[in-house]
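Dear colleague,

Here is the structure I said I would pass on. My notes follow below it.

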Amino acid sequence: MNTRLFMYTLTFVVMFHLFAFSYVVEKSESGATLRWFIQPGDRVEYSVNLASCTDITDPNALLNAIQNSFNAWESVEESFIAFRYMGDTTLTEIGEEAPCADNPTNTCLYPDSVSLLVWLSTWPYDPTVIGLTTNWYYVDSGEIISSDIEFNMQHYTWRIINDPLTCNPQVDTDVVDVQNIVTHEIGHFIGLDHTPVEGATMYYASPPCDTEKRTLHQDDIDGVVFLYPVSNYPVIERVDPYQGSRGENTFTLDIYGKNFSSDAVAYLSPQASLEGAHQAAETRYINQGHIQALFNLTYMDTGTYTVIIEQVVNGSPQHAYLPDAFQIVSGNIPVDDTQDAGGCTCSTTPSGYSLWALKEFVISFIVLFFFSQRSKKRGRYDNKLT
Ligand SMILES: [Zn+2]
């Protein structure tokens, strides 16, 4: 048995979402967001073992399907993510085996310089998994240093389904579309995890003959823009603290992110839009990556809120959203009916219940493998057949 296989640690990561309705980014064990550390104009390079996909006999057709998948992500206007095809390769291994740094008598798998897409005729993983992306990253920074995508040739039949009538999910129960699956796996390749949004490319499962994931859903677009926004578009990465109590009339929320400008205005909204949002009484610009917003939480309902930043970019208002980022819990409400300092039309009806109940949860299975002094790790993300 391959020595590295029994060194895997299977970790069940349960992610709880109070209102799970948006994209999810991959995180390292330190909480850092996984992403390629590239600048606008840079390209993430990948290679393909075209001959490994023996179901598709025309290598040009296969490459075309793969490049269409990369283009789906690259063509999102508000994101600068871009890719470069480095050519066909005969590589079949996603990394390089070498003695482990912490115990040289064992063999560890290390990332190589190639981000590889390869089809495996002998599938060493769960047979229900169609594709598996392995991201190699630094735990502290979340920087992705290599990413490899393996596809299951053993249990699935791969086709390019340009005409949906040529595939019948009742009959072709093991047939998957190359472009459909590759587009999903590229989402992992750039740092997105599974979304709870059904119909999105980053939904965890695909039915046979599915081609819906070829086209990005707005949720997928929001995800790639969050990770790789074109310059000047504001992005919220986190807020601190993540909750406040009703009754706090001068609550300070620190908002961290990118590309904030001095005209930025912060809002708390019960939904992922400005409708019904509460404007901050004051938004203080600290620097491009940090603003402070003062809210009067006195008469705001308990529950989960989206944090929103509005600022003018190239002459028009642009918005950054961080869904489900802040919660208001019940607190002591003063008896007077002073108007909210934020000037919003806040509800003065005390909410009789707290929305702490878990509305929906998502379970992700991530196989983690320690390979170098615990400073770097790899995470794996799959796509299953429903
Ligand atoms: Zn997946």
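How far apart should the ends of helix H2 (residues 178-189) be at 1.5 Å a residue? Twelve residues should span 16 Å, and the end C-alpha atoms are 16 Å apart, which agrees. The expected span is 1.5 Å times one less than the number of residues. Helices (H or I, at least four residues) and strands (E, at least two) are DSSP runs, numbered from the N terminus.

This is a predicted model: local features need pLDDT of at least 70, side-chain atom pairs count only at pLDDT 80 or more, and totals for chains, interfaces and linings use all residues. Residues are numbered from 1 along each chain as its sequence is written.

Twelve of the twelve residues of H2 are buried (20 or more other C-beta atoms within 10 Å of a residue's own, with C-beta atoms placed from the backbone). Among them are His184, Glu185 and His188. Just after H2, Gly191 has a positive phi of about 115 degrees.

The axes of helix H1 (residues 59-74) and H2 come within 8 Å and cross at roughly 40 degrees (axes are lines fitted to C-alpha atoms over the stretch in contact, with angles from 0 to 180 degrees between N-to-C directions). H1 residues including Leu62, Ile66 and Trp73 meet H2 residues including Val178, Val182 and Ile186 (contact means C-beta atoms, placed from the backbone, within 7 Å).

Elsewhere, five strands make an open, mixed sheet in the order E15-E22-E21-E17-E18 (pairing takes at least two DSSP bridges). Strands E15 (243-245) and E18 (278-279) stand at the edges, each with a single partner strand, so one side of each has no neighbour in the sheet. E17 (residues 265-269) pairs with E18 in the antiparallel sense over two bridges; Leu268 has His278 in E18 as its bridge partner.

Regards

Conventions. Two residues are in contact if their C-beta atoms, placed from the backbone, lie within 7 Å.
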